[in-house]
Amino acid sequence: MDQPLQCVHHFENFGEIPIESIRPRILGIPNWLAFLWFFQRRAYYMFGESYSLAKIENSILRDKLQEPRIHFAIVCASVGCPLLRSGAYFGSQVSQQLDEDALRFINNPEKVRYDIQSKTLYCNKILKWYRQDFLKVAPSVPEYIRSYLKTDYPLNASTRISYLHYDWSLNQRIS
């Protein structure tokens, strides 16, 4: 039986007061040092070594896999990031699962939408920040997006792109 892909995390702040955003603020001003520390601290243990979120994302997932769909699977817990998948990733199914994640993200009008009147493609900033990853498999970001859209829009390399505001507030489960 296929085992889920996993890593072990040491939760240091379990039980503290919930935060409003993954981007901390001091007196209303973004605290970029705390934000960077969160992603750079080595708090994740795999194969006997400690890793930071940044190292896992950039050195393992992005560099070694060379798979742009990974950006639709990486979840940072903010509203702007992809939705958390409801199940584990399995090695034998990961390609299909990443396709599902890409389809869900790109067909979510809060993440990607096309305005027919202005002929403008509105995209989540993930598609801007990691543009070079998407260009490894497609001639342009609009053409990459078109390959996953359920609606046939006239997207090509010359399509105008406007990037949506990235919401760093905590993606909380409302129940």
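Ring pairs join F72, F105, F134, Y144 and Y148 into a cluster. Here, rings of Phe, Tyr and Trp (its six-membered ring) pair if their centres lie within 6.5 Å, with planes under 30 degrees apart counted as stacked, over 60 as edge-to-face and the rest as tilted. The model is a predicted one, so local features need pLDDT of at least 70 and side-chain atom pairs count only at pLDDT 80 or more, while totals for chains, interfaces and linings use all residues. Residues are numbered from 1 along each chain as its sequence is written, and side-chain values use heavy atoms, with hydrogens and water left out.

By the ring rule, the count comes to nine aromatic pairs. Take Y114 and Y153: their ring centres are 5.0 Å apart and their planes sit at 45°, so this pair is tilted. Y114 belongs to strand 6 and Y153 to the loop between helix 6 and strand 8 (160-163), so the pair ties together parts 39 residues apart in sequence. Helices (H or I, at least four residues) and strands (E, at least two) are DSSP runs, numbered from the N terminus. Y114 is buried, at 12% relative accessible area; buried means under 20%, exposed over 50%, and partly exposed in between (1.4 Å probe, protein chains only).

Then there is the pair of W129 and W168, which is stacked, at 6.0 Å centre to centre with 25° between the planes. This pair, too, links distant parts of the chain, with W129 in helix 4 and W168 in the segment after strand 8, 39 residues apart. W129 counts as partly exposed at 42% relative accessibility, whereas W168 is buried at 16%.

On to helix 3, where Q97, L98, D101, A102, F105 and I106 are buried. Looking down the axis of helix 3, the buried residues fall within an arc of 160° and so line one face of the helix; the arc is that of the directions from the helix axis to the C-beta atoms. Their cover includes strand 6 (112-115), helix 4 (126-129) and helix 6 (141-146), with contact meaning heavy atoms within 4.5 Å.

As for nonpolar cores (sets of buried Ala, Val, Leu, Ile, Met, Phe, Trp, Tyr and Cys residues joined through side-chain atoms within 4.5 Å), the largest has 23 residues, and F72, I106, L127 and I145 have the most contacts inside it. Helix 3, strand 6, strand 7 (120-123), helix 4 and helix 6 are the elements giving two or more residues to this core. Apart from it lies another core, of five residues, including A43, Y44, M46 and Y51.
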